[in-house]
Amino acid sequence: MSNEKKNVLLIVDDLQINRVLLKRIFQDNYNVIEASNGAEALDILQKRNDISIMLLDLIMPVMDGFGVLNRMNAIPTCRDLPVIVVTACGDAEMQIRALKEGAAEVITSPYNPQIILHRVETILFKTLLTRESNAVRRYCPIFSGIVGGAALVRSVNGSLILLRANDEFFEILGAGRETLVLSEREEAILSALLHECDAIGKLQQKTVQRSIDNSIIVNIRAFPMENSTYFLNIYPADLQVIK
Amino acid sequence: MKTDILSKVGIDYEKGVYRFMDDASLYESSLEMFLEDPTFSAMETAMAHHHYSALFEAAHSLKGVAGNLDMTTLYTFSRALTEYLLATPSPQEEDVAPLYNQVSEAYHRAIRGIRAARENK
């Protein structure tokens, strides 16, 4: 898997040995970046919008973990960022305070590598599900009145997840179906389209023609939305659509 | 590194390598990194000045690193010191000193052990 496809994990700990250990645990599955105190972490969070999850120590110089949790609320791109507190502190009061101030979970050291890997993956997955359900709710009105097939998809680690689609979408791509699972062929077609959108960057709308089964030519329009989510509109090429 | 030397000073080499995803080389280099770690020096300074909040922070850091490196003896004693300091609003020197001395002894034993294990590869 290429680096750009991996989720980005930010490790915040003042102790280099702890950062070395955490980086080793996660480096095979994540793009790992590091900060040695809370102020550095906030600086990174303000400059980058691709952080997927943060592991945050509590007791640090310059700015501690509580300071980071408090200030994150003021950064719009950080409000939904899952934070796992990693600490040597077994004190229940401090752990509860961290959870109240926004941490999704607290993991105490010494770290078991398999457990911490599993917990991070679980929290990331839950966060993704929440975001997807929010995206479906937000974009539902677009589906009404659309001509042809319409779908909301999210690109995750090189794969496409179909969040919602109308009946016409399935009819145009193949047989009518009840499941939201893309076939390999459909995923290849849509991935190629989204790749073109990504490559162009600022593009807001693109129409391409693709032969699906040698009997139908369709126009596909992709509208980049947010968080790697795309709204797709597919319709037969001979259908006149008001743009 | 000579693992039997590490074992004698309370360092569990096998557990440590497991924690480092079976990367023995990285674990050993992290043990060597510990030789240069300034945390215990910060503890010494804090203890000398009876600055117990700073002592807590340094002992807490030492506990974290010792645990992650599977320095079990040092971890046990540094944990005892942090728990006392956390639970005691006004720590007394006669209570702190024995706990601190245990940490100090375990720290210096561990340092000597790592150096000896490195030299007897």
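Which helices of chain B each supply at least two residues of the lining of the second largest cavity? These are α6 (72–87) and α7 (93–119) of chain B, helices being DSSP runs of H or I of at least four residues, strands runs of E of at least two, both numbered from the N terminus. The structure is a predicted model, in which local features need pLDDT of at least 70, side-chain atom pairs count only at pLDDT 80 or more, and totals for chains, interfaces and linings use all residues. Residues are numbered from 1 along each chain as its sequence is written, chains are lettered from A and ligands numbered from 1 in the order in which they are written, and side-chain values use heavy atoms, with hydrogens and water left out.

The confidence of the predictor in each residue is expressed as pLDDT, from 0 to 100. Chain A averages a pLDDT of 79, and 73% of the residues score at least 70. Where pLDDT is low, the predicted coordinates should not be read in detail.

In helix α4 (residues 92–100) of chain A, the buried residues are A:M94, A:Q95 and A:A98; buried denotes under 20% relative accessible area, exposed over 50%, and partly exposed in between (1.4 Å probe, protein chains only). Seen down the axis of α4(A), these residues fall within an arc of 100 degrees, so they line one face of the helix; the arc is that of the directions from the helix axis to the C-beta atoms. The buried residues of α4(A) pack against α3 (65–72), β4 (83–87) and β5 (105–108) of chain A. On the other side of α4(A), A:E93 and A:K100 are exposed. A:G102, which follows α4(A), has a positive phi, near 120 degrees.

The structure holds 2 cavities of 30 Å³ or more. On a 1 Å grid over the protein atoms alone, a cavity is a set of points where a 1.4 Å probe fits but cannot get out, a pocket is an open set with protein on both sides within 12 Å along at least five of seven lines, and lining residues have an atom within 4 Å of a point. Grid points are joined across faces, edges and corners, and a volume is the space filled by probe spheres set on the points. The largest cavity contains about 60 Å³ of space. It is lined by 13 residues, of which A:D13, A:N18, A:D57, A:A88 and B:G64 are the closest to its centre. The most lining residues, 4, come from α5(B). The second largest cavity contains about 30 Å³, and its largest share of lining, 3 residues, comes from α7(B).

The second largest pocket holds about 350 Å³ of space. Among its 17 lining residues, A:D14, A:L15, B:P38, B:T39 and B:S61 lie nearest its centre. At least two residues each are supplied by α1 of chain A and by α4 (39–48) and α5 of chain B, with α5(B) giving the most, 4 residues.

Definitions and conventions. Contact = heavy atoms within 4.5 Å.
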